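Here are my notes on this model, as numbered points. Please read them with the structure open.

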Amino acid sequence: MKFAIIQFPGSNCDTDLLWAIKDIMGAEGEFVWHTADSLAGFDGVLIPGGFSYGDYLRCGAIAAFANIMPEIKRFAAEGKPVFGTCNGFQILIEAGLLPGSLIQNKSLKFVSKWQGLKVNNQSKFSSNYDSNEYIELPIAHGDGQYIADDATLEQLVANNQIVFTYENGNPNGSTQAIAGITNATGNVLGMMPHPERAMEGLLGSDKGKKMFQSILDNFGE
Ligand SMILES: NC(=O)CC[C@H](N)C(=O)O
């Protein structure tokens, strides 16, 4: 599979994502600048973290109108995998590809640490994990508090769209401790934690690998 890693002014985990998908997972990957208008030849989209456009207006709000976004929306509508971590999650929400909102952490403070998570393995992005597996991944954000109206939350639960929830503390005050969700059709995933920073034991953990392996297994030929 060949993945497009979308770069915006202010992206900062783009190289980590490319390294994760290419060097660790052995798939193909290439950077795509936000002004591009085609994803021809790609099988998946990875949107990195960072501070696109300096987080101005709201995190992800300006990136959601980038030239490449209509193409990412087409890609998502065709059922191809679209993944966003941290600022990538914020961009997917601002673009309307995922429901709800991400607002400032309840503490009003930026939080950067390893965070416990529980994994729901009933998704195409998590099927390689054990049922309810406990993992720890790095988080680093100021605006990670997930909120949504009651109808949206009910739909997320009923449709099994909540993939990652915080365990051992809720670092940003997210509703129902939500850390990552998919869209209704299960091919777009956004999450605040950074699996691309947990790809080998030497760096603290390789628990992020199962997420990328799930994408390769479930969306590859
Ligand atoms: N690490 C990130 O991607 C940060 C996301 C966003 N800029 C925030 O502070 O919430």
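1. Start with Ala 177, which lies in the loop between E9 and E10. This is a predicted model. Phi of Ala 177 is near 55°, a positive value in a residue other than glycine. Most residues other than glycine have a negative phi, so the backbone deserves a look here. Ala 177 is partly exposed, because 18 other C-beta atoms lie within 10 Å, and the cut-off for buried is 20 or more.

2. Leu 108 also has a positive phi, of about 65°, although it is not a glycine. Leu 108 is found in the loop between E5 and strand E6 (111–119).

3. Two glycines with positive phi belong on the list. Gly 186 has a positive phi near 80° in the hairpin of E10 and E11. That hairpin has 5 residues between the strands.

4. Confidence is next. The mean pLDDT of the protein chain is 97. 100% of the residues in the chain reach 70 or more. For the complex, the predictor gives an ipTM of 0.94 and a pTM of 0.97.

5. Now the sheet. It is open and has 9 strands, in the order E2-E1-E3-E4-E11-E10-E9-E6-E7. The pairing is mixed. Which strands are at the edges? They are strand E2 (28–33) and strand E7 (134–141), each of which pairs on one side only. From one strand to the next, the twist averages 25°.

6. Follow the parallel pairs. Strand E1 (residues 2–7) and E2 pair in the parallel sense over 6 bridges. Gln 7 has Trp 33 as its bridge partner in E2. E3 and E4 also run parallel, joined by 3 bridges. In that pair, Ile 47 stands opposite Gly 84 in E4.

7. E4 shows two sets of residues. Val 82 and Gly 84 point one way from the strand, Phe 83 and Thr 85 the other way. All of them are buried. In a regular strand the side chains alternate between the two faces of the sheet.

8. E10 has antiparallel partners. Strand E9 (residues 162–166) is joined to E10 by 3 bridges, and the two run antiparallel. Ile 162 has Ile 181 as its bridge partner in E10. E10 also pairs with strand E11 (residues 188–191) in the antiparallel sense, over 3 bridges. Gly 180 has Met 191 as its bridge partner in E11. How many residues of strand E10 (residues 178–182) are buried? The count is 5 of the 5, so the strand is largely enclosed by the rest of the structure.

9. Ile 68 is buried, because 23 other C-beta atoms lie within 10 Å and 20 or more meets the cut-off. Leaving aside neighbours within four places in sequence, Ile 68 is in contact with Ile 6, Val 32, His 34, Ala 36 and Asp 37. Ser 38 is 30 residues from Ile 68 in sequence and 7.1 Å away in space, C-alpha to C-alpha.

10. Last, the ligand. Which residues are around it? They are Gly 49, Gly 50, Phe 51, Asp 55, Cys 59, Cys 86, Asn 87, Ala 140, His 141, Gly 142, Asp 143 and Gly 144. By class, this shell has 4 nonpolar, 6 polar and 2 charged residues.

Conventions
Residues numbered from 1 in each chain as written. Near = placed C-beta within 6 Å. Nonpolar A, V, L, I, M, F, W, Y, C, P; charged D, E, K, R; others polar. Pairing = 2+ DSSP bridges. Helix = DSSP H or I, 4+ residues; strand = E, 2+ residues; numbered from the N terminus. Axes fitted to C-alpha atoms, helices over the stretch in contact; angles between N-to-C directions. pLDDT = per-residue confidence, 0-100. Buried ≥ 20, exposed ≤ 12 C-beta atoms within 10 Å, placed from the backbone. Contact = placed C-beta atoms within 7 Å.
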